[in-house]
Every structure is written in C-alpha cells, then in structure tokens.
Amino acid sequence: MCCCLQFREGQVKQTKDSALLSTVDLMKKSEKKEQEEEKGVKVKEKKLVKKLYPNSRLFRKWGDDLSEEEQKEAEDLFQRYGYNAFLSDRLPLNRDIPDTRPPRCAEKQYPEDLPSLSVILIYLDEALSVIKRAIRGIIDKTPARLLREIILVDDHSSNGLFGIQLAVGLKIRHSEQLGLTQARLTGWKAAVGDVVAILDAHIEVHVQWAEPLLARIKEDRTVILTPVFDKVDFDDLIVIPYMANADGFDWALWCRYEAFRPEWYALEDESQPGKSPSVMGILVADRKFFGEIGSLDGGMKTYGGENVELGIRVWLCGGSIEVIPCSKVAHIERFHKPYALDLSALVRRNALRVAEVWMDDYKYNVEVAWNLPIGNHGIDIGDVSERKKLRERLKCKPFQWYLDNVYPMLELLQDLLGYGLINDRWPAKCVDQGPAPGSTPILYGCHFFSSQHCYYLTDGKLYIGGIQSHKYSSNNCLVDPGSGVSPGLYQCNLAQQKKLHMFWDFKQGGQIQNRDTKRCLEVVLGDLYPRLVLQQCSGQRWTIQHVITAQKRYDWTVMNYQR
Ligand SMILES: [Mn+2]
C-alpha cells in the first residue's frame, strides 16, 4: 500500500497467536531437514560463521547459519529491494500462510453470481519471486470464474519486466517513472473486469479474499473497499496478523490506523464491514463507478496524499469507504522504499493539493501541521483547476460535512494565535521539548523538526513539541511548577486536572509570562551554554515563527460558524 504503516505501527493492535506465527518457521525447518537427509547421516559440525553485517537490520533475527557468500548475496538483495528477497527466492511460490480472518468469515456464504474481477499489481523494483508469489496466490485463491485478468504495471523498474507469463492479463511498463498514483491509473484504464482491485505487488492474498469484496460491491456499487492487511516482516517474511482497523490520517495527511465508529463495536461481530474515513492506498472498486467519481488525482506526484484525497472525495461526492475484515491480504512492509528518500517533501506537496481542492478553510490546518505560514505556503502544488471543476460537477458536500459525519475525531485547531519555532536573542537557539521521555523543555539549536514546533492558544496554553490532530490525543503544555527554576512539560489534560500553572501571556516580540506565578520564561547563560529557566521577569523578548492575525482568525471562525 502507499502509506506509512511503518511510521504508525504503534496504533496497531496485533493478535498474539504464536501458532500462526510459527508456520513459516516450521516450513523452513522441514525444508532444512530434508536437505540434511539428502546429504546422508553425516552429523554436520556447527561451524561458527563470521557475521559480515552486524549492523544490518536484515540479520537481526534471521540468517545465523548463512555462509559469508550467502550473507553477501542476501545483504545485496536487501539493499536493492528493502526486504529479504534472498529468502523469498527460496520459499515456495504457493507457500501456506495462516488463515487470520475472524472466525465467522469461514462460515459465510457468498452468491455464485458475482461481478468479475481485474487484479492490478503495481510495482517498482520488486523481486521476481515476490511478484510471482503474488500472482500464484491470486490464481490459486480466486475462483477462476471470477478472475477476469491480472494486470502488472511496472513504474519503470530498473530491473525490467522479467519473463513473467500471464495466461489471462497484461503487462504494462511505464517508459519513465510516474509514481504510484499514475501506476494505479494506468492499470485501471487498461482493466475490463466489472470490479478492479488495485494492489501492491509485494502481497499474498488469503483464502476467499475476493468473494466478500465482490459481494459487497454487488450490493452497492458506490462503496469503495479495502481489504485488511496482515504484516509480512521484511526480514523473515513471517506473517503477523493484524486486526481490522479504519484508515485515517492526521492534518499533515500521513495515514494512520484509526478505531472504527462506535456503531461497529456495538455489532460485536468483527467480521462485519466497517466504515472508514480513507484508504491506505490499495483499494477495490466498481470499475465504472471509480471513473464516475473521478478515479485518482493524476496531479499527485510519486507518493502519498492520493489515498486521503480519494477518501474525502468519495465520501463528499456520493460514495462511501469500507474496510472488509473477511478479505485479508498479507503485505510486506519494506524496510526502505524504492521511491525518493525524502518522501516528506512529496507528501507535503500532495497534502497541500488535497487541502486546496477539498478542505475549504480547514486547509489552514494542513499548513499548520506542516509548519507553513497560513495562506502563503509558497509551494508549487501544480494545477488543481480540473479537480476543482470535478468537485463542482459532482456537487460534492462541503468539508464540514466530512468532519461532522465521517471523521469527527479530527481536532479542528481553531484556537491558535501563533505557531512554529519560538526563539529569543540567540537566533540559532530554539525552545525544544527536550529529551523524551522527559518533562523539561530546553533551549537547543534550531533544527525545525517537530520537537521544536510550538503552539500558542487563545486561552493562554502553550504546547511544545508538536500538535495533535485528533480529539483523543493530548498535547504537551508548558507549565510553571511553582518552585525551582526549570520549566515543566505535562500532558495538558493532566496539567488541567492537577491545576498546574499552565496559562501564559505572550504577544509577538514580548515576554512569556505565567498568569499565576507571574514568572517569565527566560534564558540564562550557564557555564557552557544558554539555559531555559523560569525567573523574575527581566524583560526578555520572544518571537514565534507564525502569527495568526485577528483578521485571519475572524474569517476562519466565521467560516466555521456559518455551516
Ligand atoms: Mn506496499
């Protein structure tokens, strides 16, 4: 999938069925045993092999018994693909993977007469055995009467299209690298089945993955679906079961797992489809409906944002998004991705594009999340006029409707007066949340990362170290502990409960003074370096990077109240 599972893994609840996890292990052991039996009864001496790559992530829990030659080959392939292609080359293409669906899924009956399916596998620099295993699984686990074709879309890999033979299907190669969104669009345009499943090529489908998807789309062609991913570890390729979650995002538009709405949990049946604000990137849709609702934004570059754009658009313009727990796909989480190393600049650009077209005045939240000046970010987002016309043509609802009805957990960030880096008379030093986990903010060389992003609110709170996008998350508030010279940083809700001194007076270019204790946040020269302290105000002045003017705040608030 497109998005950033590895960045947001903390969100995921995993089931701990070690029996399932050890399947591949058993498989490996039995293979090894056979090899040894072939070689006769000679008892092999266990040789100690030198570890050539003690720091490589590949060998952390795998590869102890490889020769030096094999280690070299495995490491080379790992550097190239971001996963263990060496092991993949040695596993059967039809290896068994555990059935990780909720138990009730196996009892479900699906109609015989279902729409036909085109499976689109997009890839860039993928190991041949990984692609072949994906194809083999799709052919083995999709009823032949339903599988119309498999389409491979190669986004200009350096290793070419290989010699894969497809009985039913197509191979398409981009003549230059166009990015994930374009690769998905290329596959969709070429497809002829009733339904398209647009997947990554580093996946293995589970048993009966297609039927629940096709049955749901047969019921309602305006629903765009996503299967549930299991994680395949990049090093030992073991399948780790993930439970179903909704797919959400933060205001920077990084994707993240999200709880379903309360109605889903009330069903007490984890095999039921759940509504979702967005998709992670891979998707299943009625082929024609997908076109009617504007497919994907072809102006997206390389990576990121297109999944959120799809989610918002589908909900606002007459469709909906669901996660289907009975359809599972195991997905290799790469250690590193083949696209550009600095993905964040691309995600930022794409996120601003989504904001401009779909978020009305809430687009400012995306600018705040990326620490850009409101209404003046200066970043080229390409031409969005066609997407704006599409929004009009489809008569889509305002973004407020999405916030109210689809993703009410998004925090609205309405009460900001200023945000960004805070610094004082040492221009190269900034207020920083300090070593985590800790509760003492410090002065540190300005590096512009989120540990130095500060937010000053209308009620006098001052957050340090980033701002949360969701109502269930807590920010960290600057407090005056009342004694000592060190300022403190506490979760705002705890600070509020404990009635800590957490409200500050601050105007651009002025002092930062606590309302209760009247002490000021100031800098003193320590023995070696300047230190951040609380003390009797001496008139030290501070500036915050971006100020939200009264006029802008007024527009923004009025806009929100009007709806
Ligand atoms: Mn992927």
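Two strands pair if DSSP finds at least two bridges between them. The model discussed here is predicted.

Q: What makes β8 and β9 a pair of strands?
A: The cut-off is at least two bridges. Four bridges join β8 (residues 246–249) to β9 (residues 255–258). The count meets the cut-off, so the strands pair. They run antiparallel. One of the bridge partners is Y257 in β9, which faces D247.

Q: What lies between β8 and β9 in the hairpin?
A: Five residues lie between the two strands. L253 is in this turn and has a positive phi of about 70°.

Q: Which way do the residues of β8 point, and are they buried or exposed?
A: A246 and G248 point one way. D247 and F249 point the other way. All four are buried. In a regular strand the side chains alternate between the two faces of the sheet.

Q: Why are α10 and α11 called roughly parallel?
A: Angles under 35 degrees count as roughly parallel. The axes of α10 (residues 306–316) and α11 (residues 343–358) cross at roughly 15°. That value is under the cut-off, so the two helices are roughly parallel to each other. Their axes come within 9 Å, and the crossing is right-handed.

Q: Which residues make the contact between α10 and α11?
A: From α10 come E306, V308, E309, I312 and R313. From α11 come N350, V354 and W358. By class, this contact has four nonpolar, one polar and three charged residues.

Q: Why is E268 called exposed?
A: E268 has 7, so it is exposed. E268 sits in the loop between α8 (262–267) and β10 (274–275). Its phi is positive, about 50°, although E268 is not a glycine.

Q: What makes L413 partly exposed?
A: L413 has 19 other C-beta atoms within 10 Å. Buried needs 20 or more, and exposed needs 12 or fewer. The value falls in between, so L413 is partly exposed. L413 is found in the loop between α14 (399–405) and β13 (416–423). L413 also has a positive phi of about 50° and is not a glycine.

Q: How many helices and strands does the chain have, and what share of its residues is buried?
A: The chain has 16 helices and 24 strands. Of its 563 residues, 43% are buried.

How values were computed. Residues numbered from 1 in each chain as written. Predicted model: local features only at pLDDT ≥ 70, side-chain atom pairs only at ≥ 80, totals over all residues. Axes fitted to C-alpha atoms, helices over the stretch in contact; angles between N-to-C directions. Parallel < 35°, antiparallel > 145°, perpendicular 65-115°, else oblique. Left-handed = near helix turned anticlockwise from the far one by under 90°. Contact = placed C-beta atoms within 7 Å. Nonpolar A, V, L, I, M, F, W, Y, C, P; charged D, E, K, R; others polar.
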